[in-house]
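Colleague: Can you walk me through this model? Keep it short, please.
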Amino acid sequence: MDSELEERLRVALRDKLRLLPAELRAARGRTVAARDPAPLLPSTRALLKRREAAELERELQHQRQEFQQRMQRLAQRRQQLARRRRSLRTFGDYLRDVLAR
């Protein structure tokens with residue numbers, strides 16, 4: 001009895017959403033493009049687009065964080081190079097003074 005009810009509910013839901021069974025299984029937790037967007041209900045298309053936009057936003061945020069970290073490492077490297085350049089100048093001045101004596 002339960003399997004019969006479950007099957008009727010699955011069929012009703014599939015008909016309502018107008019998705020194929022494989023697409024229903026694949027859609028669990030992921031954005032899945034339907035084979036033909038025309039048979040989807042507008043609300044379903046909107047939900048899929050919203051989910052896709054959220055995934056893209058998360059990826060973009062991740063890329064922004066990576067870029068920010070790269071920029072911080074670059075700034076640190078520039079500071080190190082500037083310190084090294086200053087120390088080399090002072091060492092060069094020291095050598096000139098020693099050789100001038």
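Modeller: Here is a quick tour, from the overall fold to the charged and nonpolar spots.

Modeller: This is a predicted model, where local features need pLDDT of at least 70, side-chain atom pairs count only at pLDDT 80 or more, and totals for chains, interfaces and linings use all residues. Residues are numbered from 1 along each chain as its sequence is written, and side-chain values use heavy atoms, with hydrogens and water left out.

Colleague: What does the secondary structure come to?
Modeller: Three helices and zero strands. The pattern along the sequence is α-α-α. Helices (H or I, at least four residues) and strands (E, at least two) are DSSP runs, numbered from the N terminus.

Colleague: How much of the chain is buried?
Modeller: Buried residues are 6% of the 101 in the chain. Buried means under 20% relative accessible area, exposed over 50%, and partly exposed in between, with a 1.4 Å probe and protein chains only.

Colleague: And the accessible surface?
Modeller: About 9200 Å² for the chain, with 55% of that on carbon and sulfur atoms. Accessible areas come from the Shrake-Rupley method with a 1.4 Å probe; for residues, only the protein chains shown count as cover.

Colleague: What about contacts?
Modeller: Take contacts between residues at least 6 apart in sequence: 17% of them join residues at least 24 apart. Contact means heavy atoms within 4.5 Å.

Colleague: Switching topic. How many salt bridges are there?
Modeller: Two in the whole structure. A salt bridge is a side-chain nitrogen of Lys or Arg within 4 Å of a carboxyl oxygen of Asp or Glu.

Colleague: Which residues pair up?
Modeller: Arg64 bridges to Glu57 at 3.8 Å, N to O. Arg96 bridges to Asp93 at 2.8 Å, N to O. Arg96 and Asp93 sit three residues apart in helix H3, about one turn of the helix.

Colleague: Why does Arg96 count as exposed?
Modeller: Because its relative accessible area is 55%.

Colleague: Which residues form the nonpolar patch?
Modeller: Phe91, Tyr94, Leu95 and Val98, with about 390 Å² of accessible area together. Phe91 lies in helix H3 and is partly exposed at 48%.

Colleague: What goes into a patch?
Modeller: Residues with over 30% relative accessible area and no salt bridge. Like charges are joined within 9 Å, and nonpolar side chains (Val, Leu, Ile, Met, Phe, Trp, Tyr) within 5 Å.
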